[in-house]
Amino acid sequence: MLSYAMIVLDISIVLTALPRLQADLGFSDAGLTWVSSIYTLFFGGFLLLGGKLGDLYGRRRIYMIGLSIFALASLAIGSAQSAGFIVAARAVQGMGAAILAPSTLSLLQVTFPAGEERNRAVAWYAAAAGVSASFGMVLGGVLADMISWRAGFFINLPISIGLLIVALRYVKETDRFAGKIDVLGALLSTIGLGALVFASVHAAEQGWGNWGSIGVLALGFVLLAAFLIHEARVHEPLLPLRLLTHAERGGAYGARVLFLGANVSFYFFLAQYMQEVLGLTAAETGLAFFPATFVNFIAAMNVPKMMARFGRGPVLMVFVGFGQGAAMAPLTSSGIAGVEAEDVGAASGTVNVAHQLGSSLGLALLVALAALTSTTGATRLAIAERTAHALQGGTLFVLAALLVSWMFILRPASEKQ
């Protein structure tokens with residue numbers, strides 16, 4: 001769980017450290033966006049492959065490899081002396097995160113028995129995202145102001161070393177399942193998911209009114225369609241389609257995409273609103289998110305008891321409209337529900353793919369919506385108007401997530417009773 005928190009923390013730290021990084025290494029405005037975007041691109045593109053590797057070669061081993069890649073890339077970024085080197089190292093860091101994130105969730109599944117104990121572990125895993133995202137915004141600004149933007153990357157080293165020691169001493173290696181990597185499936189999924197993320201990033205910067213965004217987006221969907229067709233035919237698929245055809249898991253993936261689109265957009269637009277309209281500093285903006293972080297954390301810690309008493313579906317329907325802390329745990333639990341041992345890694349990777357696609361595609365769609373329906377320019381009025389329209393669009397995403405949750409998680413569960 002701490003390893004997943006470190007991944008999310010790093011993303012937020014980077015956001016508040018970008019101005020100092022630009023001044024130090026001479027990034028152009030366009031080049032600076034790729035410090036975050038290239039990480040997102042490689043993280044999203046390699047998630048399915050990262051999940052499958054754990055099934056084939058042992059989840060503890062793959063976890064430690066992903067953690068080592070992430071740590072070494074963090075060291076390289078913190079030591080970088082050029083803009084191009086940082087972008088390349090961030091790509092490697094994103095690949096390490098794509099191996100690390102599904103391995104973390106897989107180890108939770110096989111370490112804790114099904115029931116309240118696993119629900120509690122999943123709740124901590126889900127809470128790590130919201131808490132780390134808000135805390136990272138504050139920590140990044142403080143470290144950049146008081147020490148250096150490099151400190152935000154160097155901080156990953158002691159954490160990673162500690163996690164490697166804990167994994168070696170206390171985490172048992174999991175069973176390996178015979179098989180081989182679906183190379184064509186890995187290529188189709190990696191390039192297809194990468195194309196969707198790239199199109200989303202490009203659209204967030206340039207808008208959807210250009211072939212660079214639309215063309216790459218279309219290519220991504222075509223490649224993913226080819227990937228699904230291939231997976232239905234291959235003997236050892238990278239993504240067993242039975243994961244998607246299961247009503248509860250399929251619904252959880254869809255609801256996660258919608259909910260994350262709204263959630264990430266909330267932080268993105270509110271951060272701009274607080275700084276550009278209300279005049280808060282970066283650190284003050286991060287602190288302003290702490291009340292929401294606190295509520296999310298308290299909700300997440302109480303979700304296991306509620307899930308044990310009422311089930312995943314009812315808890316999800318009640319709380320999906322109230323915050324990340326309460327909604328993410330049942331969504332994560334439903335995304336790995338009833339998975340056979342040989343599919344644990346693939347299911348964990350799919351949960352993270354849904355998370356990443358919701359974050360990037362949802363944000364890009366709401367950025368486009370805000371741009372098309374609001375006044376142009378950088379005035380306070382224009383920014384406030386774009387924020388309002390984006391949050392209204394995010395509300396529709398949450399309502400859609402509620403509908404999907406009811407249709408595919410709550411209703412099938414009630415019919416079994």
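At what angle do H3 and helix H5 (residues 83–111) pack, and how far apart are their axes?

Good morning. This is a predicted model, in which local features need pLDDT of at least 70 and side-chain atom pairs count only at pLDDT 80 or more, while totals for chains, interfaces and linings use all residues. Residues are numbered from 1 along each chain as its sequence is written, and side-chain values use heavy atoms, with hydrogens and water left out.

To begin with the overall picture, the protein has 18 helices and zero strands. Helices (H or I, at least four residues) and strands (E, at least two) are DSSP runs, numbered from the N terminus. Of the 417 residues, 54% count as buried; the term buried denotes under 20% relative accessible area, exposed over 50%, and partly exposed in between, with a 1.4 Å probe and protein chains only. Contact is taken as heavy atoms within 4.5 Å. Among contacts between residues at least 6 apart in sequence, 80% join residues at least 24 apart.

I now return to the opening question. Two packed helices are described by the angle between their axes and the distance between the axes. Axes are lines fitted to C-alpha atoms, for helices over the stretch in contact, and angles run from 0 to 180 degrees between N-to-C directions. For H3 and H5, the angle is about 55 degrees and the axes are 8 Å apart. That makes H3 oblique to H5. The classes are as follows: under 35 degrees counts as roughly parallel, over 145 as roughly antiparallel, 65 to 115 as roughly perpendicular, and the rest as oblique. The crossing of H3 and H5 is right-handed; a crossing is right-handed if the near helix is turned clockwise from the far one by less than a right angle, and left-handed if anticlockwise. On the H3 side the contact is formed by Leu47, Gly50 and Gly51, and on the H5 side by Ala98, Ile99, Pro102 and Ser103. By class, this contact has four nonpolar, three polar and no charged residues. Here Ala, Val, Leu, Ile, Met, Phe, Trp, Tyr, Cys and Pro count as nonpolar, Asp, Glu, Lys and Arg as charged, and the others, Gly among them, as polar.

The next element is helix H17, residues 344–373. Its 30 residues reach 43 Å from the first C-alpha to the last, close to the 44 Å expected at 1.5 Å a residue; the expected span is 1.5 Å times one less than the number of residues. H17 is mostly covered, with 25 of its 30 residues buried.

How do H3 and H17 pack, and at what angle? Helix H3 (residues 47–57) packs with H17 at about 160 degrees, the axes being 7 Å apart. The two helices are therefore roughly antiparallel to each other, and their crossing is right-handed. From H3, Leu47, Leu48, Gly51, Lys52 and Asp55 take part, and they meet residues of H17 including Val344, Gly345 and Gln356. By class, the contact of H3 with H17 has five nonpolar, six polar and two charged residues.

H17 also packs with helix H12 (residues 247–277): the axes come within 7 Å and cross at roughly 50 degrees. That makes H12 oblique to H17, with a right-handed crossing. Among the H12 residues in contact are Tyr253, Arg256 and Phe269, and among those of H17 are Ala347, Val351 and Ala370. By class, this contact has 13 nonpolar, seven polar and one charged residues.

Let me turn to individual residues. Val351 lies in H17 and, at 1% relative accessibility, counts as buried. Not counting residues up to four places away in sequence, Val351 touches Leu105, Tyr253, Arg256, Gly335 and Ile336. Val351 and Leu47 are 304 residues apart in sequence and 9.3 Å apart in space, C-alpha to C-alpha.

Val197 lies in helix H9 (residues 183–206) and, with 1% relative accessibility, is buried. With residues up to four places away in sequence left out, Val197 touches Thr40, Leu41, Gly44 and Ser360. From Val197 to Leu357 the C-alpha distance is 7.1 Å, across 160 residues of sequence.

Is Asp175 buried or exposed? At 57% relative accessibility, Asp175 counts as exposed; Asp175 lies in the loop between helix H8 (156–170) and H9. Asp175 and Ala341 are 166 residues apart in sequence and 8.8 Å apart in space, C-alpha to C-alpha.
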